[in-house]
Each structure stands twice: as structure tokens, then as C-alpha cells.
Amino acid sequence: MSQQAPENPAPQPQVKVNLLNVCTPSAEEQKEIASALARIPKQPLFSDDFEVSHGRSTLAEAPNFLQSGQGATRMSDDSSVANYVRIRREFAVQALFSSVQYSFSNDGQNMVETLVLHVRDPKDLIMVSMEDSASAISSAENMVTANTPASRVRLERFGKSSIALARCAGSENGAAPDQSAYEPLFRSASEVLANYRSLLGVRRTVPAELAQIPAAGSKAKPKSAKTTEEKK
């Protein structure tokens, strides 16, 4: 006896994909980016809590934020190893933002700076992040003193999709989009980055922390054994 298929098959789960228009955000999205950047304090009151760390990280692929936009930093096909430095400061209780974190990474091909500010009581806005990158600068010292302009801005929102703006280059299929209308936003983000480089002591801290990272593959020298005479 043949079996009949059920009349009402179980519905397939829906997959929702949000595509960010990072090259040409809408007028409303531009207003939100401008508003978020304007709310970042220029002379913040930091608490005594802070964190400075350094290390090495292996990346099998570029982070999602780097992949957004046609002008994203180019990464090699193989996994890359990057040395990084992170600086974190806490804001005073009355501030809109709870903390700010600056990150610098260098994989030998690209140097990337990222500044992230987290909102203390997220109701609409959760986080604001800015990023810049360079591949033709000779050293980390030159990178952090060059005030490289921001090339990406991203807003993480509560219960809504993210908003992003990125520098977009041309491709084989077409010329670069006209982004002249977004120059005030890029300029505002660049000013925030420059200000917080100074506030967080980036120019001094980053080279000093990178100098403490041992070269890849190096091992600590073993301690020499004490002689019999020294043990007596």
C-alpha cells in the first residue's frame, strides 16, 4: 500500500540575510552615523580602570568588518599571523559610553587601527567602531603618528541591522562610486580617531608593546644549571 504525503508539510525555516550598503548608505543612515559620531566625547573623563595587552593572532580569513565594501583591505589566501596591541579605558559612570578600546595589528602586509566605543545602556545604539588601514607605511611608529584617516565606520544597533560606511574602490566591472557626499562623515570619524590616539597614548604605547613581542618561532633561552659549587 502506497503512503500519501502529508497535506501540510512542515514549513522550512526562513533564512534572513541583511546586506549592508557600505558604499552608498541612505540619507537616513548618514544622519544616524553623523549623530553617533557627534555624541562621542572629545574630552572624556576616564575612570582608573584600564587595560593594555599585546600578543600574536593567526587569522584564517579577514574579519567580517574588513570584508565589507569593495575597498576592503586585501588579505592573502593563506592564513596570516598578526602582532597586535590593545588599549582599553573605562569611562566615568555618567558618560553615555561605558568603555573605549583601541586595537593596532600588523600582519607584515597591512597595518590596521580600530577604535570601538560601547554604549553603557544600549537602547538603540550598541557600539560605534572606526577603522583605518595602510600597506605602504614602513613601521608601526610611522603608522600611529601619521594620523591615517578613517576608511570605515560601523554602528551596531539594538534590534536592528547594522549601519556601515566604507571607502570603496573601483573594480574590473566598473569605476569607483562617487562618495563625495560622505566626506564630512569620513572627516568626522578621522577626527575622533586622531583625538583618541592622543587620549590613549597610542603613539607611545603601541611601539613599546610591539617591542615586547618575540619574533615568530623564537624560544626563550633555558636557564643555565647551577654548578656544584654554587649549590653548596
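Author: In the largest nonpolar core, which has 40 residues, Leu 115 and Met 130 touch the most other members. Such a core is a set of buried Ala, Val, Leu, Ile, Met, Phe, Trp, Tyr and Cys residues joined through side-chain atoms within 4.5 Å, where buried means under 20% relative accessible area, exposed over 50% and partly exposed in between, with a 1.4 Å probe and protein chains only. Helix H4 contributes the largest share of this core, six residues; helices (H or I, at least four residues) and strands (E, at least two) are DSSP runs, numbered from the N terminus. If neighbours within four places in sequence are left aside, the contacts (heavy atoms within 4.5 Å) of Leu 115 include Val 100, Tyr 102, Val 128, Met 130, Val 192 and Leu 193. Apart from this core lies another, of five residues, among them Val 22, Cys 23, Ala 164 and Ala 166.

This is a predicted model, in which local features need pLDDT of at least 70 and side-chain atom pairs count only at pLDDT 80 or more, while totals for chains, interfaces and linings use all residues. Residues are numbered from 1 along each chain as its sequence is written, and side-chain values use heavy atoms, with hydrogens and water left out.

Cys 23, a member of the other core, also forms a disulfide with Cys 168, the two sulfur atoms lying 2.0 Å apart, and thus inside the 2.5 Å limit that defines such a pair. The pair joins distant parts of the chain, 145 residues apart, with Cys 23 in the segment before helix H1 (27-38) and Cys 168 in the loop between strand S7 (163-166) and helix H4 (183-199). Because the torsion about the S-S bond is about -95 degrees, this disulfide is left-handed. Cys 23 has a relative accessible area of 11% and is buried, and Cys 168, at 8%, is buried as well.

Strand S7 is covered on both faces, with Ile 163 and Leu 165 buried on one side and Ala 164 and Ala 166 buried on the other. In a regular strand, side chains alternate between the two faces of the sheet. S7 pairs with strand S6 (residues 152-157) in the antiparallel sense over four bridges, pairing being a matter of at least two DSSP bridges, and Leu 155 stands opposite Ile 163. Five residues separate the strands of this hairpin, in which Gly 159 takes a positive phi near 70 degrees.
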